Amino acid sequence: MHIEFHGAAREVTGSCHLFEVGGKRFLVDCGLIQGARDAEARNSRPFPFDPKTLDAVILTHGHIDHSGRLPLLEKSGYRGPIYAHPATRDLCRIMLKDAGYLQEREAEWENRKRERKRLPPVEALYTMADAAAALRRFRGIGYSEKRKILPGVEVTLLDAGHILGAAIVILDLEEKGARRRVVLSGDLGHSGTVLMPDPATVDKADLVIMESTYGDRNHRSWERTWAEMSEVFDIAARKPGNVLIPAFAVGRTQELLFAFRERFREWELDRWRVFLDSPMAIEATEVYYKHANLLNAAVREQRREGGLFDLPNLHLTRTAKQSMSINRIHSGAIVIAGSGMCNGGRIKQHLKQNIWRANCHVVFVGYQAAGTLGRSLVDGARRIRLWGETINVEAKIHTVGGFSAHADADGLSRWVSHFPKDVPVVLVHGETDAMQAFQQRLSKAGRAKVHMPLQGVHMDLSSMKMTGN
Ligand SMILES: [Zn+2]
């Protein structure tokens, strides 16, 4: 009985943990590595295990850094089931299809360049067809429903409160009479978000594997976050212009729409026309409607009274033509579009049309990774390059903190405090600094063993010993 850590080891993407129990092998998560170019290049390296020898995969949630290499697993010969919450399966239908499309376009673009240099073409990491084949392997497991997936392996999913369908995974393992319970946090939600319930608590485990993204800091309070949003709309309304909000299609967009609806009068949103300019976000919103029973109690109450994400002045723009028509509007529009970090998607077009105008406002509501266009705007770039053109930045750039879908350091600490102090904890899914800060915090709180495995480290579940760190 053992685990190998093959992803999100001292980094925040590429989640992938390999378990072996009684000769059966399964993965928890198979995410894409995202970020700088050389980091992303690691996606095309062969897996450090043979996908054909795997017997099952368990997926914690739909985010691409957890699910994005499933089509590659399919392409590499994996033919077993993929277990996930039904809402995760529905979100993956949108996200993996999109990921396949992006991989195909990226290869096409690269090959045009290579052709001019007379270099041999490269193959897409995977295609939309690989994504569709992987999607057929999904098997739904509801929250709190114990399921035996392999001999000696029982799985229970609990609500992680992160995005729709996100799960904490409890593994009850048995090999030759020895039993072990391993609890994986997946990505833990941020308490008090408008849509999601707080993460479920667990108190029994022999080993806890948990994320540590914000292990070194706390988020701004929700009150502060709402006040900041309100202030941006007030400033923006004084001089007519447009407001652009780059947002992730899944989760963040729905949180924003719901907040808009709740504070429609307070923020005087009737002064604006609101555009949701993202086919993916529109589809994801439909999935949120379908699984509205999973949202927090206050939201479910509203659901009974009608829509959750409707606004009287909301325009959903699906086609490219509809999207382009927004270009003619020079004031009074709030445009929500992806991608959240401005490195792709329709938001780039809106930036091109608006960012050189002094009366335009760009509001960042999510994390901006180093190397992205969003990050350079947040860092105060005075000029940006879009499709080879240099454009002056005259717009006002705002960063509204507090919208994160991840637990902060206090939240992580609270969640793990339910386990007895002698239960060993393995930190994954965090940058080294955040992890170290969190490790110190847990040690000070009296937790005896806190590990930070490197990529490829092996942990024996009988002896609880790590090798290769
Ligand atoms: Zn996530």
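Helices (H or I, at least four residues) and strands (E, at least two) are DSSP runs, numbered from the N terminus. Axes are lines fitted to C-alpha atoms, for helices over the stretch in contact, and angles run from 0 to 180 degrees between N-to-C directions. Everything here comes from a predicted model, in which local features need pLDDT of at least 70 and side-chain atom pairs count only at pLDDT 80 or more, while totals for chains, interfaces and linings use all residues. Residues are numbered from 1 along each chain as its sequence is written, and side-chain values use heavy atoms, with hydrogens and water left out.

Touching, or contact, means heavy atoms within 4.5 Å.

How many bridges join β7 to β8? There are 3, and the two strands run antiparallel. R147 has V155 in β8 as its bridge partner.

**The zinc site**

Now for the metal. H61 (NE2), H63 (ND1), H162 (NE2) and D187 (OD) coordinate the zinc ion at 2.2 to 2.3 Å. Donors are N, O and S atoms within 2.8 Å of the metal (3.2 Å for Na, K and Ca); water is not among the atoms, so sites may look incomplete. Why is the arrangement of the 4 donor atoms irregular? The reason is that they subtend angles of 90 to 166° around the zinc ion. Four donors count as tetrahedral if all angles lie between 85 and 135 degrees; four count as square planar and six as octahedral if opposite donors are over 155 degrees apart and all others between 65 and 115; anything else is irregular.

Along the chain, the donors of the zinc ion follow the spacing H-x1-H-x98-H-x24-D. H162 sits in the loop between β8 (153-159) and β9 (167-175), and D187 in the loop between β10 (178-184) and β11 (207-211), so this pair ties together parts that are 25 residues apart in sequence.

Are such residues buried or exposed? Buried means under 20% relative accessible area, exposed over 50%, and partly exposed in between (1.4 Å probe, protein chains only).

| Residue | Relative accessible area | Class |
|---|---|---|
| H162 | 3% | buried |
| D187 | 2% | buried |
| T285 | 8% | buried |

**The parallel sheet**

Another open sheet has 6 strands with parallel pairing, in the order β14-β13-β15-β12-β16-β19. Its edges are β14 (314-316) and β19 (396-399), each with a single partner strand, so one side of each is left without a neighbour in the sheet. From one strand to the next, the twist averages 20°. β12 and β15 run parallel and are joined by 4 bridges; L244 stands opposite V335 in β15. On this sheet packs α7, touching β12, β13 (273-276), β14 and β15, with its direction at about 150° to that of β15. α11 packs on the sheet too, touching β12, β15 and β16, and its direction makes about 150° with that of β12.

**Helices in their surroundings**

In helix α11 (residues 347-354), 6 of the 8 residues are buried, so the helix is largely enclosed by the rest of the structure. The elements covering these buried residues include α10 (320-325), β15 (333-337) and α12 (373-378).

The axes of helix α6 (residues 222-238) and helix α7 (residues 252-262) come within 13 Å and cross at roughly 75°. W222, W226, M229 and F233 of α6 meet E255, L256, A259 and F260 of α7.

T285 is found in helix α8 (residues 279-290). Leaving aside residues up to four places away in sequence, T285 touches Q254, L276 and F309.

Conventions:
Pairing = 2+ DSSP bridges.
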